[in-house]
Amino acid sequence: MPLRPDLIDILRDENAPIVILTGAGISKESGLHTFRDPDGIWARYDISEVATPEAFVSNPDLVHHFYNDRRAGLHDPDVQPNAAHLALARLEGEWPGDVLLVTQNIDDLHGRAGSKNLIHMHGELLKIRCIHCDLLTDWPGDLAKETPCPSCGKPGGLRPHVVWFGEMPLEMERIYAALGDCGLFISIGTSGNVYPAAGFVQVAHEEAGAETVELNLEPSSGATLFDHSRYGPATELVPTFVSALLGD
Ligand code: APR
């Protein structure tokens, strides 16, 4: 069921805070792969070999190769923010209340589209950090096992600034505070398989009494938890939904 126009009017009149969660589906039409679709990343790679702290210890070359490939993909001139990323940046600029965008994506497309109030809860592909010192820095190119840290000089400690399976997602306190206070929660392009993000809809519903909306290509694993839903490609659904919210 879509969100009724009278509910939208109420949310707008109340300056209701909005929290948006995005996943790989929003970047699919920009040319980036999702994870769990038939042509997804986890159909070609084993999570335990490339996306865990244990994998980084046992086979750092393979882990670096995996992320170097994906980092290079972000520099492909064809990979650009799409209409869905741009619509969310517009919503942040024009909605009368706070809009917090929480993404599970490690690409930089929301930032390039102009979103500012943005949390990368699973980290950022174009940043690295050092496990020996407090270095956290932009890193557009390849990374190798032997690259010495530009800050402390030690080799072997540089890693992608991404959250691996078994690690704690970033900025959870700020995310839960916003979820507990929002009037509208929108989930876009995520399969709802990975926690804690998959549980955000229940927090928004139970703690804030928020209206909850799913915009996805198909019903996600948590589809029945949402009050409202629309199914189709993000580049069509998201601009239309944002236009309805803004009363175009
Ligand atoms: N428009 C909207 N949704 C789409 C589109 C599209 N064009 N294409 C695919 N989708 C949907 C799929 O139907 C699927 O439900 O996007 C979802 C993508 O799901 P996943 O591949 O599981 O990606 P995501 O939910 O972001 O994964 C969560 O898992 O592996 C980890 O850390 C990784 O952040 C990632 C997390």
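Let's start with asparagine 15, which sits in the loop between helix H1 (5–13) and strand E1 (18–22); helices (H or I, at least four residues) and strands (E, at least two) are DSSP runs, numbered from the N terminus. Asparagine 15 is not a glycine, yet has a positive phi of about 50°. It counts as exposed because 11 C-beta neighbours lie inside 10 Å. The cut-offs: 20 or more other C-beta atoms within 10 Å of a residue's own make it buried, 12 or fewer make it exposed, and anything in between is partly exposed, with C-beta atoms placed from the backbone.

Keep in mind that this is a predicted model, where local features need pLDDT of at least 70, side-chain atom pairs count only at pLDDT 80 or more, and totals for chains, interfaces and linings use all residues. Residues are numbered from 1 along each chain as its sequence is written.

Glutamate 171 is another non-glycine with a positive phi, of about 55°. Proline 196 belongs to the loop between strand E7 (184–188) and helix H10 (200–208).

## Domains

The protein chain splits into domain 1 (5–31 + 81–122 + 169–246) and domain 2 (41–77 + 127–162), with bounds that come from an automatic or database domain assignment. Taken over C-alpha atoms, the centres of domain 1 and domain 2 are 28 Å apart.

## Nonpolar cores

A nonpolar core here means a set of buried Ala, Val, Leu, Ile, Met, Phe, Trp, Tyr and Cys residues joined through C-beta atoms within 7 Å. The largest one has 45 residues, and Val19, Ile20, Cys182, Phe185 and Val238 have the most contacts inside it. Leaving out residues up to four places away in sequence, isoleucine 20 touches Leu88, Val99, Leu101, Val102, Ile186 and Ile188; contact means C-beta atoms, placed from the backbone, within 7 Å. There's also a second, separate core of six residues, including Ala51, Tyr67, Ile106 and Leu125.

## The annotated residues

UniProt's unreviewed entry puts its "active site" annotation on His122; the positions use the numbering given here, feature names are shortened, and annotations may be inferred rather than shown by experiment. Histidine 122 is in the loop between strand E3 (118–120) and strand E4 (123–130). It's buried, because it has 21 C-beta neighbours inside 10 Å. Apart from residues up to four places away in sequence, histidine 122 touches Gln104, Ile106, Val162, Val163 and Pro169.

For "binding site", the unreviewed UniProt entry lists Tyr67 and Arg70. Tyrosine 67 is in helix H6 (residues 60–74), and arginine 70 lies in helix H6 too. With 21 C-beta neighbours inside 10 Å, tyrosine 67 is buried, whereas arginine 70, with 18 other C-beta atoms within 10 Å, is partly exposed. Neighbours within four places in sequence aside, tyrosine 67 is in contact with Leu125 and Pro160.

## Around the ligand

The ligand has 23 residues around it, and Gly23, Gly25, Thr34, Phe35 and Ser191 come nearest; being near means a C-beta atom, placed from the backbone, within 6 Å. By class, that shell has six nonpolar, 12 polar and five charged residues. Ala, Val, Leu, Ile, Met, Phe, Trp, Tyr, Cys and Pro count as nonpolar, Asp, Glu, Lys and Arg as charged, and the others, Gly among them, as polar.

Methods. Contact = placed C-beta atoms within 7 Å.
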